[in-house]
Amino acid sequence: MKKLISFLLIYCSVSTFGQDYKPIDSADYSQRTSFIRSFSLNTENLIKNSKDRYSGKQGSELAKIYKELGKEFENKVKEKDFAFNSVFDSELKNLIDRLRKNNPQIPQNLKILVAKDNTPNAYCFADGTFVVNMGLFSWLNNDDQLAAVISHELGHKISEHTLKILLGIIDQNKMDKMVVHDIKSTRENRNEKAFDVLKNRIYRKGAENRKQEMQADSLGYVIFRNSDFKKNEFVNVLKRLEDFDTISPRELKVETYRKYFNLPNQAFNEKWLKKEDFSLYNYNHFKEKLNKDSLRSHPEVSLRIDNLKKLFPELKSEVTDGKPSASYAILEKIARMETLPNFYHSEDYGVGIYTSLQFLQDGEEEKYYQSWLGKCFVKIYEARKNYNLNRYLDRVDPKNQSESYQQFLNFMWNLSLDEIKNIADYYQTKTS
Ligand SMILES: [Zn+2]
């Protein structure tokens, strides 16, 4: 009953949404602590088991890695990187239950966390903890696609891919080399840096991981096919993920700047739009390169799709993306509304402003995005005052950015400290 009530509450707030939308509550101390308690117990067991299963250096190195990764993950939970939210949880539980029906091979001890991260991504830990980024809910089109992503991760989990990569690294002594290399290049956060490298090797879909990706695809698809989801969505989701860009490619029009930065106390200044001169760069060359190397032309995904179609001929026919269920549509909307809170949480204030302006340009939730504009500008002001704006606002980089995003960065870097303060004050006062 309690679940139903919270569902109805969320539903009501979704239907009126906008003006009154309250970002997901992070007052979830008890859920966080109880998760950490069971997670650290799992990690201890994992360490014990791997010492039993692998002797000597393999066992001790493995234990060391699990311990370090576990500690880091616990810190992320403490820093509220995850949303403990009953609406997301019940949707995920429902999907897992549907997958379980004809799939006894799915481990019993699964725990799924939702990360406050706008990138549509998922990963799993050796102990059986799955992480699903909130970005999946806003980027994917329906329940079946989300179930497909989870099935793919289950494929990794069942084939113990993480363990295999770790053993490979330990055997080749690459671990030590990476750590040495990293410590040489940085003085701060030595451990963190070293483990970032390690994690990238585990989770990033590089060429050497292609085989594992294809294995996870086919194992995952078998699980997916055994349940009642629409089969072709397994291919559709790969295409959908391929279309994602970290920074939305939607163009920000010059009129939008004029509309939101022409303030009563501070008239719009055309000079703010002035662009840095990159004529010294061979710009056309970069432009061509950018088009060629963009995420869209990733060969990985088409290879993976071909592989699936070869193994499972029923996937050969093209089917358009299905409509989401009512409960998915609600989560899709919530995840969309959480885009700004998520950027703010990860201190991506520059991207947060850019994204708010895109939403405003589309005429979406005016007051809500104006208030996020204000919040982010306050942070940009503080950073500029403390000479560390570089940390929160990208530098113009014609090689790797769309023209619209470059225009935005030029605009931001052209603003003086006082001008930033006026904008921050205006939107803070206006929306409070
Ligand atoms: Zn994968």
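Colleague: What is the geometry of the site of the zinc ion, given the angles among its four donor atoms?

Modeller: Bear in mind that the model is predicted. The protein donors are His152 (NE2), His156 (NE2), Glu213 (OE) and Glu213 (OE), at 2.1 to 2.6 Å from the zinc ion. The angles among the four donor atoms run from 52 to 128 degrees, whereas a tetrahedral site needs all angles between 85 and 135 degrees. The site of the zinc ion is irregular.

Colleague: How far apart in sequence are the parts that His152 and Glu213 tie together?

Modeller: The donor residues follow the spacing H-x3-H-x56-E. His152 belongs to helix H6 (residues 143-158) and Glu213 to helix H10 (residues 210-226), so the pair joins parts of the chain whose separation in sequence is 61 residues.

Colleague: Is Glu213 buried or exposed, and what is its relative accessible area?

Modeller: Buried means under 20% relative accessible area. His152 is buried at 7%. Glu213 is also buried, and its relative accessible area is 6%.

Colleague: Which exposed residues does helix H12 carry on the face turned away from its buried side?

Modeller: In H12 (residues 254-261), the buried residues are Thr256, Tyr257, Tyr260 and Phe261. Seen down the helix axis they fall within an arc of 100 degrees, so they line one face of H12. Helices H17, H18, H19 and H20 are among the elements that cover these buried residues. The face turned away from them carries the exposed residues Glu255 and Lys259.

Colleague: How is the aromatic pair of Phe35 and Phe84 classed?

Modeller: The structure holds 31 aromatic pairs. In this one the ring centres are 6.1 Å apart, with 55 degrees between the planes. Phe35 is in helix H2 and Phe84 in the loop between strand E1 and helix H4, 49 residues apart, and both are buried. The pair of Phe35 and Phe84 is tilted.

Colleague: And how are the rings of Tyr405 and Phe408 arranged?

Modeller: Tyr405 and Phe408 are three residues apart in helix H19, about one helical turn, and both are buried. Their ring centres lie 6.0 Å apart and their planes are at 20 degrees, so the pair is stacked.

Colleague: Which residue lies over the face of Trp139?

Modeller: A charge counts as over a ring within 6 Å of the ring centre and within 35 degrees of the ring normal. Over Trp139, the distance from the ring centre is 3.8 Å, and the residue is Arg240.

Note on methods:
Residues are numbered from 1 along each chain as its sequence is written. This is a predicted model: local features need pLDDT of at least 70, side-chain atom pairs count only at pLDDT 80 or more; totals for chains, interfaces and linings use all residues. Side-chain values use heavy atoms; hydrogens and water are left out. Donors are N, O and S atoms within 2.8 Å of the metal (3.2 Å for Na, K and Ca); water is not among the atoms, so sites may look incomplete. Four donors count as tetrahedral if all angles lie between 85 and 135 degrees; four count as square planar and six as octahedral if opposite donors are over 155 degrees apart and all others between 65 and 115; anything else is irregular. Helices (H or I, at least four residues) and strands (E, at least two) are DSSP runs, numbered from the N terminus. Buried means under 20% relative accessible area, exposed over 50%, partly exposed in between (1.4 Å probe, protein chains only). The arc is that of the directions from the helix axis to the C-beta atoms. Contact means heavy atoms within 4.5 Å. Rings of Phe, Tyr and Trp (its six-membered ring) pair if their centres lie within 6.5 Å; planes under 30 degrees apart count as stacked, over 60 as edge-to-face and the rest as tilted.
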